Structure formats: structure tokens, C-alpha cells
Amino acid sequence: MAKINKKNTPKKDTLTALTSAALLLSGANSNSHADAQPDATTLGYRYSLYSEDNLDRDLVAPGSTTERYEIDIHQFQIVAPLAETFSVKLDMQYEDMSGASPWQTEVDPNGDPRLIMSGASINDQRREVAIKLNRHRDDGRWSVFYQYSDEDDYTSNAGGVEFLWEFNQDISTVSTGFSYADDDIKPTQGIFPTGTLKDDKQKSSVYISGSHIINARSIIQTALSYTYHEGYLDDPYKYNDRRPDERKQWAWTANHRYFIDYASAALHTDYRFYDDDWGLRSHTLRISWYQNIGSRWQLVPFLRYYSQSKADFFGNEARDHIDEQHFSDDYRLSAYGAISGGLKINYQLDNWLITVSGERYHSDADLALDSDNEEAPGLVDFTRFTTGFTYRFE
Amino acid sequence: MNPKPTISCLPIKLIALAALILSAGCSTVEPWQRQDLARPEMAWAPDSMGEQLQEQAYFSKEGSSGGGKASGGGCGCN
């Protein structure tokens, strides 16, 4: 049962007292989207297997592997209230990665692009720790967070602050935040030469967001964010990768939540428009359906569509761009679209929540809204399987 | 003529659109009418661990990223 906010406890007049009584009966927060202080400690664990499809043999150069990435992921999370008004969230993640990634695209005598892969197998582990401290107030919340990520060839330190204000009887909220990340890159040396031996990059990001309750079953949120990258932005494991040393990104998001009472289900609609000064623009639409079945089961099917245009300096054939200052054959900078879908099953048993989910992701140049003749051969398809639990201490 | 909006005017258009959306609903929903809004499945991110993992996969495999909240650090994900 959800915790009642302090602001909703009986105050001065009769109307407020009646309001509070109604809330106590319904067991509801006035606005769960404002991130009230959690009323109990929760511990969560998830195991995921992320697996990319092997490449078609006719998309890789003779002698090159068709194998791609496979990652085992372990996630731990603790969320706990602290004292009267604080809470803390601790996330830890461990990944074990193996596989290969595209090193270069070359065009064969028939004019078809072929991939040269990075080698038979790359093995790496990533460890991440993130901690977030929240101070909850009657009229909002402020938070500070720190995140550390470490791999054999990559280290990242990031931190930030967030502020959230509720107003208009908690019908509306405005939040803003700033974050900064400092990343060090030290590529592992192997058979193929890397773009650098040691380098670094920085990222600064700011956002402003607002939410508004439309009616008793509907709420919207919109946000605008700006991110500035500078430093070594190339992929060191790609040959001839010459990207600008700065990047300015804009993103606008619009989210909607709607509860359908007769179906006991919630509809989530999330949209993002993205634009940057590398010439890349994208649209992302995600729709999820949270179907309650009785008091213990929940099914969550979702569908996501993504489309991006290519970066100004993307190309499959390096020789055609030899005189240009910037060039990349990274498939992630090509024009393509992607469709993914999946299903999550949640089962609640007393203080335990058991969850199982799966996702299938397929990308193709033909799915792009902005068509382009240069389809990158390295576009990825992947499957993800996740299982885990969350335990609530009471 | 290039129909694509420039970076400099895009934020102004998006802020104006956001303000329009936020000002669209002026109805009053009393606190005791918000029990459906307070349901866990109505949260912006009901499963933060699941969302974190999905965002990381999209971040490392797609050309665009970010939006709507404070962003963390990067990774050497290929």
C-alpha cells in the first residue's frame, strides 16, 4: 500500500480532514509521479542475456567472423528511505561481454559493402555503481547522484543534480537537472590498430521537464534536453573513423499515461524527437500496455519504433571520402529504422515480485523514415531475455 | 531551400509546444480522485532496472540518445 504524503495528513480545516480521510481509505498518494519518499526498503536483482544475431556470411569480407556480441548482465538495486525526509537508491551492474564488432566497411568489386570484423573474439567486463540521494519536501524533491563505470578500456565518472517542484495543488510539476561526465578511453591493443592509445571526452547535459494531471486517469509529461560532448568522439576500434571533436544534441520528449478502469490496464505512450549538429535526426515512439490480471499477475506487452537519418559524414566507402575532414562508416550513424517488441510478465507473491521479460529488436534501412541509398551492412538485430525479483522489506 | 529547422530555432519551437501542452488541461483533479494516477503501473518508469537496461542497449546501438532526464556517463559499448 502506498504511503500517504505528509501534506495530505489532517491539517486545519474540515475539508482538508475529509480529503485526507478519503486518501487514507484509497491508500493513494496525491501524485505518485512526484517521487514521494519510499515507505519501505526494496532489494532487486535482474539477470539478462543480450545476444546479437550473427551477420549473414555475404555481408562480411572473406575470412572475417560473422559473430557479434553476447553479454551477460547482472543488476542489483537497493532503494531505502532514510530518516524523515531522505531516500537513497543504489544501483550496481556487472557485465561480461564477448564477441566482435565491425572494424571497417569495404566495397567489393560488385559495389556491395562488406564488413571486416574486429577479430574472432573480444572479452571484456564492465562494472558500474550508481548512487542517488534524494531529499523529499512537501513541495517537491532535490537529488544528487554519482555514477562510476569501469571496463578494461574505458572509465567513466558522472554526477549531477535534479530539482522537482510541485504546484497548483500538486496537479503540475516542473523539474530541471544538470549532469556532467568525464570519460577516459584506453583502447585494448590487438591485431588491428586502434584510433588512439589514450584519450578522453566530456559530456554536459541539462534538461527541463513539466508534468500535468489532465483528469483522474490521465497525466502528461514533456521535457527538453540539451547535451554537449567534447573531446575524442571517434570509435577507436573503427578504421578511418574521423568524427568532429564536439557534438550538440537536442531532445524533446512527450509522455502520456492513461488508466483504463474497465480493463484494469494502463496505456503508456512515449515519444522522443532528437536532433544534433552532426546532421542526425531521429523519432522514437514506444507504446506499452500494463494489463493487471487479478491481484497477482501483470502482463506488459510493448512495441517500439525508431527511425534516424544519417550523419552528414557517414559513408560505406572510405576511399570516396579520403579528402574530407570527417568520415565514419559506423552503422550507428547511417539512415535506418528499427522495430522492437516484447513482453514482460510480473507475478506478485506477498513481498516478492517475480519478473520475466523478453525483447526482439530488428533494424533495417528500409524501416527508416528518411530513405538513403547507402545501407550499412552492420545493422544489428538482437534478442534480450531478463528474469529477476524485487523483495520489499516491511 | 532546406526545410530542416536549424538547431538555434528548434528549442524555441519545442518550448512553445511544451507550454501549449501543459496549459491545455486546466481541469481540477482533487487529491481524493487520484487513486488511479497513484497506481504503480501509472508511474513514468514502473521498473527502473528494466528501463535502465533497455536504454543502455538502445544507447549503444543507435545514433541518438538522451532526453527527459539527467544523463549518466558513457561506456565503451560497441
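**How the terms apply to chains A and B**

Modeller: A:Ile131 stands opposite A:Tyr146 in E7(A), where E marks a strand, a DSSP run of at least two residues, numbered from the N terminus as helices (H or I, at least four residues) are. This is a predicted model, in which local features need pLDDT of at least 70 and side-chain atom pairs count only at pLDDT 80 or more, while totals for chains, interfaces and linings use all residues. Residues are numbered from 1 along each chain as its sequence is written, and chains are lettered from A and ligands numbered from 1 in the order in which they are written.

Colleague: What makes E6(A) and strand E7 (residues 140-150) of chain A a pair?

Modeller: Two strands pair if DSSP finds at least two bridges between them; E6(A) and E7(A) run antiparallel and are joined by 11 bridges, so by that criterion they pair. They form a hairpin, with two residues between them. Strand E6 (residues 122-137) also pairs with strand E3 (residues 86-99) of chain A, in the antiparallel sense over 14 bridges, and in E6(A) the bridge partner of A:Asp96 is A:Gln125.

Colleague: Why is chain A called as compact as a globular protein of that length?

Modeller: The radius of gyration, taken over C-alpha atoms, is set against the globule rule of 2.2 Å times the number of residues to the power 0.38; chain A has 24 Å, close to the 21 Å that the rule gives for 394 residues, and therefore it is called as compact as such a protein. Its C-alpha trace spans about 85 × 40 × 35 Å along the principal axes.

Colleague: What makes the set with A:Tyr50, A:Tyr336 and A:Leu379 a nonpolar core?

Modeller: A nonpolar core is a set of buried Ala, Val, Leu, Ile, Met, Phe, Trp, Tyr and Cys residues joined through C-beta atoms within 7 Å, and buried means that 20 or more other C-beta atoms, placed from the backbone, lie within 10 Å of a residue's own. The largest such set has 18 residues, and these three have the most contacts inside it. Its largest share, three residues, comes from H2(B).

Colleague: How do you know which residues A:Tyr50 is in contact with, leaving aside its neighbours within four places in sequence?

Modeller: Contact requires C-beta atoms, placed from the backbone, within 7 Å; the residues that A:Tyr50 contacts on this basis include A:Phe382, A:Arg384 and B:Ala57. Between the chains, 85 residues of chain A are in contact with 44 residues of chain B.

Methods
Contact = placed C-beta atoms within 7 Å. Buried ≥ 20, exposed ≤ 12 C-beta atoms within 10 Å, placed from the backbone.
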